[in-house]
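Me: I am new to this structure. Please walk me through its features one at a time.

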Amino acid sequence: MVLTGRFATCGGAILREVRVSDGRLDKSGFPYHSGEATLRQKAMVGEEYLDKKVFLEFSEAWGTVEVWVNGKYAGKRLWHPFRVDVANLLVPGETRWRLR
């Protein structure tokens, strides 16, 4: 067997990096995905948001979701509403989000 492409292994499983523009794995070639997935995104944050309440909310999640902002753990949600307070982790400029 020959494996080619961008992938990694973890605990005997083969992991493949896939670009998903809208966060929908089912529309990106994984209609029956069951298990863990990590979604990463970048966004610009303006200084006007630094002194406000800011939440990251995701309505299409199905199960446990963990959130990191700029490499720092923001929290975990086990059920709806999937909403995490990220105000204390924001910095002006590029912000990196990771959901697992």
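Me: Where is the place of Asn70 in the chain?

Reply: Keep in mind that this model is predicted. Asn70 sits in the loop between strand 5 and strand 6. Its phi is positive, about 55°, although Asn70 is not a glycine.

Me: Is Asn70 buried or exposed?

Reply: Asn70 has a relative accessible area of 16%. The cut-off for buried is under 20%, so Asn70 is buried. Across the chain of 100 residues, 22% count as buried.

Me: How many helices and strands are there in the chain?

Reply: The chain has 0 helices and 8 strands. Along the sequence the pattern reads β-β-β-β-β-β-β-β.

Me: Which residues does a cis peptide bond join?

Reply: That bond joins His80 and Pro81, with omega about 0°. Pro81 belongs to the loop between strand 6 (72-77) and strand 7.

Me: Now pockets. How do I read one?

Reply: Start with the general idea. Rolling a probe the size of a water molecule over the atoms shows where empty space is left. Here, the second largest pocket holds about 180 Å³ of space.

Me: Which residues line the second largest pocket?

Reply: The lining is made of Arg40, Gln41, Lys42, Trp68, Asn70, Gly71, Arg96, Trp97 and Arg98. Strand 3 (39-45) and strand 8 (93-99) are the elements that give two or more residues to this lining.

Me: Next, aromatic rings. How is a pair described?

Reply: A pair of aromatic rings is described by the distance of the centres and the angle of the planes. In this structure the count comes to 1 aromatic pair. The partners are Trp68 and Tyr73, with ring centres 5.3 Å apart and planes at 70°.

Me: Why is the pair of Trp68 and Tyr73 edge-to-face?

Reply: Look at the angle. Planes over 60 degrees apart count as edge-to-face. The planes of Trp68 and Tyr73 are at 70°, so this pair is edge-to-face.

Me: What is the relative accessibility of Trp68?

Reply: For Trp68 the value is 12%, and the residue counts as buried. Tyr73 has a relative accessible area of 42%, which makes Tyr73 partly exposed.

Me: Which residue lies over the face of Trp68?

Reply: Arg98 does, at 3.9 Å from the ring centre.

Me: Where does Phe55 lie?

Reply: Phe55 is in strand 4. With a relative accessible area of 36%, Phe55 is partly exposed. Phe55 and Asp85 are 30 residues apart in sequence, but 4.4 Å apart in space, C-alpha to C-alpha.

Me: Last topic: salt bridges. What is the idea?

Reply: Side chains of opposite charge can pair when their charged atoms come close. This structure holds 3 salt bridges.

Me: Which residue forms a salt bridge with Lys53?

Reply: Asp85 does, with the closest N and O atoms 4.0 Å apart. Asp85 lies in strand 7 (residues 83-85) and Lys53 in the loop between strand 3 and strand 4 (55-57), so the pair ties together parts 32 residues apart in sequence. Asp85 is partly exposed at 31% relative accessibility, whereas Lys53 is exposed at 66%.

Me: Which side chain meets Arg83 in a salt bridge?

Reply: Glu57 is the partner, at 3.5 Å, N to O. Arg83 is in strand 7 and Glu57 in strand 4, so this bridge ties together parts 26 residues apart in sequence. Arg83 is partly exposed at 38%, and Glu57 is exposed at 55%.

Me: What about the salt bridge of Glu66: which is its partner?

Reply: Glu66 meets Arg100, at 2.7 Å, N to O. Glu66 lies in strand 5 (residues 65-69) and Arg100 in the segment after strand 8, so the pair ties together parts 34 residues apart in sequence. Glu66 counts as buried at 15% relative accessibility, while Arg100 is partly exposed at 31%.

How values were computed:
Residues are numbered from 1 along each chain as its sequence is written. This is a predicted model: local features need pLDDT of at least 70, side-chain atom pairs count only at pLDDT 80 or more; totals for chains, interfaces and linings use all residues. Side-chain values use heavy atoms; hydrogens and water are left out. On a 1 Å grid over the protein atoms alone, a cavity is a set of points where a 1.4 Å probe fits but cannot get out, and a pocket is an open set with protein on both sides within 12 Å along at least five of seven lines; lining residues have an atom within 4 Å of a point. Grid points are joined across faces, edges and corners, and a volume is the space filled by probe spheres set on the points. Helices (H or I, at least four residues) and strands (E, at least two) are DSSP runs, numbered from the N terminus. Rings of Phe, Tyr and Trp (its six-membered ring) pair if their centres lie within 6.5 Å; planes under 30 degrees apart count as stacked, over 60 as edge-to-face and the rest as tilted. Buried means under 20% relative accessible area, exposed over 50%, partly exposed in between (1.4 Å probe, protein chains only). A charge sits over a ring if NZ of Lys or CZ of Arg is within 6 Å of the ring centre and within 35 degrees of the ring normal.
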